[in-house]
Amino acid sequence: MVFEIDPDKPDVPGIARILSGMGIFSLTATVVLMLLSFSRAAWVNEDYALAGAGGAFVLALILIGQAKTLELLALVSARVKSRFAIDQTLLAKAAVSSAPAEPKLPVTKAPSTGRVISIPEQVAREQGLTRNPEPRDFR
């Protein structure tokens with residue numbers, strides 16, 4: 001079989017096993033078609049048998065490659081999940097062990113006044129600007 005049994009790795013996904021089986025079936029078809037192409041049987045077209053063997057081999061490579069990719073994705077997913085689980089456990093332990101000595105007061109923010117642009121009066125008059133009697137809040 002294409003997959004090794006390793007106790008450190010998670011279970012191989014079902015679709016990966018199916019793809020692996022189809023890849024091995026395609027490799028078997030490659031061998032059968034190669035044997036048929038060289039058999040010199042009257043009912044076998046050698047050109048089509050060789051082309052079919054090449055196509056089956058390429059299909060087998062694609063299927064087995066996809067199966068291996070899915071197997072490695074399952075492994076990476078398990079490692080990432082365990083890494084986050086370990087990180088969250090360590091953060092929970094750190095939060096329990098380091099209780100603050102005195103409560104912190106909330107930080108108050110000064111209200112935003114917005115951006116103030118100052119223009120000299122002479123320049124403002126030349127450009128036709130007038131003074132706004134009450135400022136607007138653009139928040």
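Is E71 buried or exposed? E71 is buried, at a relative accessible area of 7%; buried stands for under 20%, exposed for over 50%, and partly exposed for the range in between, with a 1.4 Å probe and protein chains only.

## Model and conventions

The model is predicted, so local features need pLDDT of at least 70 and side-chain atom pairs count only at pLDDT 80 or more, while totals for chains, interfaces and linings use all residues. Residues are numbered from 1 along each chain as its sequence is written, and side-chain values use heavy atoms, with hydrogens and water left out.

## Overall make-up

The protein chain contains 3 helices and 0 strands, in the order α-α-α from the N terminus. Helices (H or I, at least four residues) and strands (E, at least two) are DSSP runs, numbered from the N terminus.

Of the 139 residues in the protein chain, 15% are buried. Among contacts (heavy atoms within 4.5 Å) between residues at least 6 apart in sequence, 66% join residues at least 24 apart.

Helix α1 has 24 residues and spans 35 Å from its first C-alpha to its last, close to the expected 34 Å. The expected span is 1.5 Å times one less than the number of residues. Its buried residues are A16, L19, S20, G23, S26, T30 and S37.

R40 sits in the loop between α1 (14-37) and α2 (46-97). Its phi is near 60°, a positive value in a residue other than glycine. R40 is exposed, with a relative accessible area of 73%.

The whole structure holds 1 salt bridge, defined as a side-chain nitrogen of Lys or Arg within 4 Å of a carboxyl oxygen of Asp or Glu. The side chains of E71 and K68 form a salt bridge at 3.4 Å, N to O. Both residues lie in α2, 3 residues apart, about one turn of the helix. An α-helix has 3.6 residues a turn, so residues three or four places apart point the same way. K68 is partly exposed, at 28% relative accessibility.

## Nonpolar patch

L27, F57, V58, L61 and I62 make a nonpolar surface patch of about 440 Å². Patches take residues with over 30% relative accessible area and no salt bridge, joining like charges within 9 Å and nonpolar side chains (Val, Leu, Ile, Met, Phe, Trp, Tyr) within 5 Å. The largest share of the patch, 4 residues, comes from α2. V58 lies in α2 and is partly exposed at 46% relative accessibility.

Technical notes. Areas by Shrake-Rupley, 256 points an atom, 1.4 Å probe, with all protein chains shown as cover.
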